[in-house]
Amino acid sequence: MRVGILGSGLMGGKLGTLFARAGHQVVFSYARSKEKLNKLAKDAKGNARAGTPREAAQDADALLLAVHWLRMDDVLREAGDLSGKVILTCSLPMNADDTGLVIGRTTSGAEELAKKVPKAKVVCAFNTVPSEVFFGVYEARRKAAKPSLVYCGDDSRSKEIAAELIRDVGFDPVDAGPLRIARYTEPFALLIGQLAYEGEAGPELAYRFERFSE
């Protein structure tokens, strides 16, 4: 597939690299510098290149949206018309100092994104796993027992694309249902992140939590 990365920071950079190494065509975009984008493309060791958000979105079969919530409107503006595009979002609706969710209970960041781009097809995926886990899972993806990763969305074809990308990173995709389920997975993702970064076990703790959902 052709995968555009909108937000090539920690999450977007790592997932984009794994998508490229799995054989997909990847365009990295929206980082702090063009040099960083070029380095990501070079280090991906696959069919990857650097570009603008508009270039990343132009011919993409799927887009990974991985920016801080405060930059959401900016990257969407730079990407241009996203009508008909499949957007996998791993962005959590966090406040400026990342101390809490600014959206929750009756809606979710994924649902609010869907309102911002009503003609796109939004799937919520990947935010329940800290980025440090991804490479280890990818390298061990041929093992019989794989950690599970939940995703949710309203369009069946878009969810099939999301499931394929989830498998390519080494996880067993678990369809959690419609996009409104993100109301429950987003707070869960915050909890997993806190356990991973503050607990003694580090990212491996989050890895085990993912396996509990099998």
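1. Val-122 first: it counts as buried because its relative accessibility is 7% (buried means under 20% relative accessible area, exposed over 50%, partly exposed in between, with a 1.4 Å probe and protein chains only). Val-122 sits in strand 6, residues 121-125. Helices (H or I, at least four residues) and strands (E, at least two) are DSSP runs, numbered from the N terminus.

2. A word on provenance. Keep in mind that this is a predicted model, where local features need pLDDT of at least 70 and side-chain atom pairs count only at pLDDT 80 or more, while totals for chains, interfaces and linings use all residues. Residues are numbered from 1 along each chain as its sequence is written, and side-chain values use heavy atoms, with hydrogens and water left out.

3. Now the pockets. The largest pocket holds about 1100 Å³ of space. On the method: using a 1 Å grid over the protein atoms alone, a cavity is a set of points where a 1.4 Å probe fits but cannot get out, whereas a pocket is an open set with protein on both sides within 12 Å along at least five of seven lines; lining residues have an atom within 4 Å of a point. Grid points are joined across faces, edges and corners, and the volume is the space filled by probe spheres set on the points.

4. What lines the largest pocket? There are 32 lining residues, and Leu-10, Met-11, His-68, Met-94 and Asp-98 lie nearest the centre. Helix 1 (10-21) and helix 8 (182-198) each give at least two residues to this lining, and helix 8 has the largest share, with seven. Sorted by class, the lining of the largest pocket comes out as 16 nonpolar, 11 polar and five charged residues. For the classes, Ala, Val, Leu, Ile, Met, Phe, Trp, Tyr, Cys and Pro count as nonpolar, Asp, Glu, Lys and Arg as charged, and the others, Gly among them, as polar.

5. Besides being among the residues nearest the centre of the largest pocket, Asp-98 has a positive phi of about 60° although it is not a glycine. Asp-98 is placed in the loop between strand 5 (86-89) and helix 5 (109-116), and at 45% relative accessibility it counts as partly exposed.

6. The second largest pocket has about 170 Å³ of space. Its lining is made of 13 residues, with Arg-2, Gln-25, Val-26, Val-27 and Arg-49 nearest the centre. Strand 1 (2-6), strand 2 (25-29), strand 3 (48-50) and helix 3 (53-58) are the elements that give two or more residues to this lining. Its residues divide into six nonpolar, three polar and four charged.

7. On to the rings: the structure has three aromatic pairs. Rings of Phe, Tyr and Trp (its six-membered ring) pair if their centres lie within 6.5 Å; planes under 30 degrees apart count as stacked, over 60 as edge-to-face and the rest as tilted. Phe-134 and Phe-171 make an edge-to-face pair, because the ring centres are 6.2 Å apart and the planes are at 80°. This pair links distant parts of the chain, 37 residues apart: Phe-134 is in helix 6 (residues 134-139), and Phe-171 is in the loop between helix 7 (156-169) and strand 8 (172-175). Phe-134 is buried at 0% relative accessibility, and Phe-171 is buried at 1%. Ring pairs also join Phe-19, Phe-126, Phe-134 and Phe-171 into a cluster.

8. Helix 7 is worth a check too. Its 14 residues reach 20 Å from first C-alpha to last, close to the 20 Å expected at 1.5 Å a residue (the expected span is 1.5 Å times one less than the number of residues). Buried residues in helix 7 include Ile-161, Ala-162, Leu-165 and Ile-166, and also Lys-159 and Asp-168. Just after helix 7, Gly-170 takes a positive phi of about 110°.

9. Tyr-30 has a phi near 60°, a positive value in a residue other than glycine. Tyr-30 lies in the loop between strand 2 and helix 2 (34-43), and at 19% relative accessibility it counts as buried.

10. Last, Glu-111 in helix 5 is buried at 13% relative accessibility. The C-alpha atoms of Glu-111 and Arg-183 are separated by 8.5 Å, with the two residues 72 apart along the chain.
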